[in-house]
Amino acid sequence: PKDLKALPVCHVLQERMQAFKDSIPLFADLKNDALRDRHWQKLMESTKKNFDMNPETFTLQNLFAMELHNFADVISDIVTSATKELSIEKGLVEVTDTWSAMKFAVHRYMKGQIGRA
């Protein structure tokens, strides 16, 4: 109704709902398993916010209080980098595992009757 939209409380409520809507993708980003301590440090430096990672105190209310939705692009970039780094780390582990299991037989090279190193 138009009467309600004219009330100041309606504008406040709309702003809060928009902030919540903008924050939802951030929750998924911040929950990403690829984030390591170094990424959290970079997030804190970039946003100039301190994150207490204690599950007892790291609440949804605290996330909203930090207004992280204002740093959505920065957070997204850091999470994207973290995801790519994790992919590279997994690839390195796979390569290491593959090559560590390989056995090579080295035979002395002979040219005619002469052995070569």
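Which residues of α2 are buried? The legends below take up this question and related ones.

This is a predicted model, in which local features need pLDDT of at least 70 and side-chain atom pairs count only at pLDDT 80 or more, while totals for chains, interfaces and linings use all residues. Residues are numbered from 1 along each chain as its sequence is written, and side-chain values use heavy atoms, with hydrogens and water left out.

**View 1**
The buried residues of α2 are Cys10, Ala19, Ser23, Leu26 and Leu30, where buried means under 20% relative accessible area, exposed over 50% and partly exposed in between, with a 1.4 Å probe and protein chains only. Helices (H or I, at least four residues) and strands (E, at least two) are DSSP runs numbered from the N terminus. These buried residues of α2 pack against α1 (2–5), α3 (37–47), α4 (60–65) and α5 (72–100), contact being defined as heavy atoms within 4.5 Å. Helix α2 covers residues 8–30, and at 1.5 Å a residue its 23 residues should span 33 Å, which agrees with the 33 Å between its end C-alpha atoms; the expected span is 1.5 Å times one less than the number of residues. A kink of about 30° lies at Ile24, shortly before the proline Pro25, the bend at a residue being the angle between axes fitted to the seven residues ending there and the seven starting there.

**View 1. The two sides of helix α3.**
His39, Trp40, Leu43, Met44 and Thr47 are the buried residues of α3. They cover an arc of only 140° around the axis, which puts them on the same side of α3; the arc is that of the directions from the helix axis to the C-beta atoms. What covers these buried residues includes α2 and α5, whereas the face turned away from the buried side carries the exposed residues Asp37 and Glu45.

Most residues other than glycine have a negative phi. At 73% relative accessibility, Lys48 counts as exposed. Glu56 lies in the loop between α3 and α4 and is exposed, with a relative accessible area of 69%; its C-alpha atom is separated by 25 Å from that of Met17, 39 residues apart along the chain. Glu67, in the loop between α4 and α5, has a positive phi of about 55° although it is not a glycine, and Glu67 is partly exposed, with a relative accessible area of 40%.

**View 2. The stacked rings of Trp99 and Phe104.**
A search of the whole structure finds two aromatic pairs. In the pair of Trp99 and Phe104, the ring centres are 6.1 Å apart and the planes are at 15°, so the pair is stacked. Rings of Phe, Tyr and Trp (its six-membered ring) pair if their centres lie within 6.5 Å, and planes under 30 degrees apart count as stacked, over 60 as edge-to-face and the rest as tilted. Both Trp99 and Phe104 are exposed.

**View 3. Confidence along the protein.**
The mean pLDDT of the protein is 86, and 98% of its residues reach 70 or more, pLDDT being the predictor's confidence in each residue, from 0 to 100. Confidence is lowest in strand β2 (residues 114–116), at a mean of 74, and highest in α5, at 95.
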